Amino acid sequence: MTEPAVELATLGRRIRHARQRAGLTLAELAARVDRAPSLLSSIENGRREPRLALLSAVARELGVTVADLMKAEAPSHRAALEIALEQAQARPQYAALGLPTVRPGAKLPTEVLESLVGLHEELTRRATIQAATPEEARRANAALREDMRARNNYFPEIEQAASRISAAVGHTAGPLTERGVGAVTAHLGFTLHRVPDLPRSTRSISDLRNRRIYLPVTDRGGHDPRTIVLQTLGHFALGHSDPTSYADFLRQRVEANYFAAALLMPERPAVDFLTEAKAARSLAIDDLRDTFAVSYETAAHRFTNLATEHLDLPVHFMRVGEDGVIYKAYENDDVTFPTDVTGAIEGQLVCRNWASRRVFTNPDRYATHYQYTDMGRGTYWCTTHVERTADGDFAIDVGVPFAHVKWFQGRETAVRARSSCPDPSCCRRPPADLAARWSSHAWPSARAHSHLLAAIPPGTFPGVDDTEVYQFLDRHGVES
């Protein structure tokens with residue numbers, strides 16, 4: 001909704017524009033409508049709101065309608081610039097600089113106005129990025145997750161883009177090989193280059209001038225090198241431009257990840273495989289992983305892309321650390337994830353009775369864990385697998401409501417738990433006898449998750465040092 005001050009500024013500019021077009025001075029128009037020139041001047045400058053009777057009289061004398069004067073858009077490009085400059089200079093951020101106010105009079109060249117407005121817009125953009133906080137990031141993540149839920153985590157436009165590329169390189173079934181990744185890269189007009197000096201803040205760098213993608217010589221953090229390449233290519237295949245906000249950055253990352261998974265596990269063969277497994281009541285993330293030679297997490301993500309759209313299965317997904325903190329989450333089956341006041345799930349502690357926590361207490365934590373959990377909204381069944389990474393162990397958890405467990409391997413498990421979270425008596429509050437013995441005699445030194453407290457790093461691509469990137473490209477530059 002437009003702010004009142006903006007409406008008055010636009011109204012004033014439209015009156016002035018119509019008056020000048022009619023060839024009248026301010027004094028002449030004031031005489032015709034029997035008002036003081038100073039009043040009309042205040043109205044044209046957006047400082048006074050005219051009564052309807054006066055506005056009607058002004059419109060009549062200028063040969064226009066009241067509706068013409070009340071239009072939301074500025075009457076000209078220059079008028080829009082004048083309004084934008086006045087608004088920018090009225091903000092507290094500008095006042096705090098102690099700089100003089102520039103009056104956008106008729107003698108000020110339009111190109112100067114354009115330059116000043118552009119500078120103000122860029123300063124505002126940079127201030128917004130630098131002021132980004134973890135709370136803002138959590139809100140953006142929550143909004144993105146709501147959008148994913150509304151579409152059942154299925155993006156048909158990305159599926160179509162990936163399908164066209166798969167067909168072009170002849171990948172119709174089975175794992176996508178390194179050669180296949182090279183074919184996709186060439187199809188999109190790039191070449192791959194492994195280098196020993198890639199900046200630590202990056203997983204890859206793309207030289208758009210010379211169409212080269214640089215990767216580290218050794219894989220970092222156990223990431224599948226195929227996935228890194230395909231995610232990078234996804235940005236170009238999907239037509240991404242520089243992200244304009246943290247929310248835009250998140251959306252692009254989700255879309256690029258989706259694109260990579262859709263190439264590693266093309267929709268048609270993946271759906272055929274899952275449909276056949278469902279008919280045999282033998283669905284398993286492990287089997288999807290092995291069939292397409294991907295990580296368990298990638299297979300779990302891909303399953304959530306396709307399960308609701310093609311198999312009519314509501315699902316939930318989590319990536320949980322050993323400390324119980326949720327790093328990623330998605331649901332469309334009404335499971336009760338813990339949330340904060342912003343609606344964010346990431347960063348919250350999952351109930352210690354859920355499968356994603358109990359898997360870490362198993363004698364063999366790396367074996368697939370199946371579990372039924374009775375909750376307030378019903379019973380859910382989960383299949384959980386622990387993956388090792390450079391940052392520690394993470395539980396990858398996929399679950400469905402009890403009514404749908406009949407389609408999955410592992411449904412015969414006798415492992416069962418009960419959760420009443422967020423009721424503190426479930427798992428947050430220690431047993432009374434333990435509390436009685438230790439509540440006055442314990443002082444733990446907490447390991448602070450500093451990344452949850454820090455502001456989001458500034459820049460178009462958060463956390464990336466632009467200087468390092470440009471110096472790297474200088475070192476590896478190719479004459480065009």
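This is a predicted model: local features need pLDDT of at least 70, side-chain atom pairs count only at pLDDT 80 or more; totals for chains, interfaces and linings use all residues.
View 1. Residues are numbered from 1 along each chain as its sequence is written, and side-chain values use heavy atoms, with hydrogens and water left out. Glutamate 82 forms a salt bridge with arginine 78, the closest N and O atoms being 3.0 Å apart; a salt bridge here is a side-chain nitrogen of Lys or Arg within 4 Å of a carboxyl oxygen of Asp or Glu.

**View 2. The salt bridge between arginine 13 and glutamate 86.** The side chains of arginine 13 and glutamate 86 meet in a salt bridge with an N to O distance of 2.8 Å. Because arginine 13 lies in helix α1 (residues 4–21) and glutamate 86 in helix α6 (residues 77–90), the pair ties together parts that are 73 residues apart in sequence; helices (H or I, at least four residues) and strands (E, at least two) are DSSP runs, numbered from the N terminus. Arginine 13 is buried, with a relative accessible area of 4%, whereas glutamate 86 is partly exposed at 28%. Arg13, Arg78, Glu82 and Glu86 are linked in a network of salt bridges.

**View 3. The pair formed by arginine 151 and aspartate 147.** Arginine 151 and aspartate 147 meet through their side chains in a salt bridge of 3.6 Å, N to O. Arginine 151 is partly exposed, at 28% relative accessibility, and aspartate 147 is also partly exposed, with a relative accessible area of 35%. A search of the whole structure finds 26 salt bridges.

**View 4. The surroundings of arginine 302.** Arginine 302 is found in helix α16, which spans residues 296–311, and counts as buried with 0% relative accessibility. When residues up to four places away in sequence are not counted, arginine 302 touches Glu159, Tyr258, Ala261, Ala262, Met265, Pro266 and Glu267, a contact being heavy atoms within 4.5 Å.

**View 5. Serine 245 in a loop between two helices.** Serine 245 is found in the loop between α12 (225–237) and α13 (246–264), where this residue is partly exposed with a relative accessible area of 34%. The C-alpha atoms of serine 245 and isoleucine 213, which are 32 residues apart along the chain, are separated by 24 Å.

**View 6. The whole protein, for orientation.** The protein has 20 helices and nine strands. Its radius of gyration, taken over C-alpha atoms, is 30 Å, well over the 23 Å that the globule rule gives for 480 residues, so the protein is more spread out than a compact globule; the rule is 2.2 Å times the number of residues to the power 0.38. Along the principal axes, the C-alpha atoms fill a box of roughly 90 × 65 × 50 Å, and buried residues make up 44% of the 480 residues.

Notes:
Buried means under 20% relative accessible area, exposed over 50%, partly exposed in between (1.4 Å probe, protein chains only).
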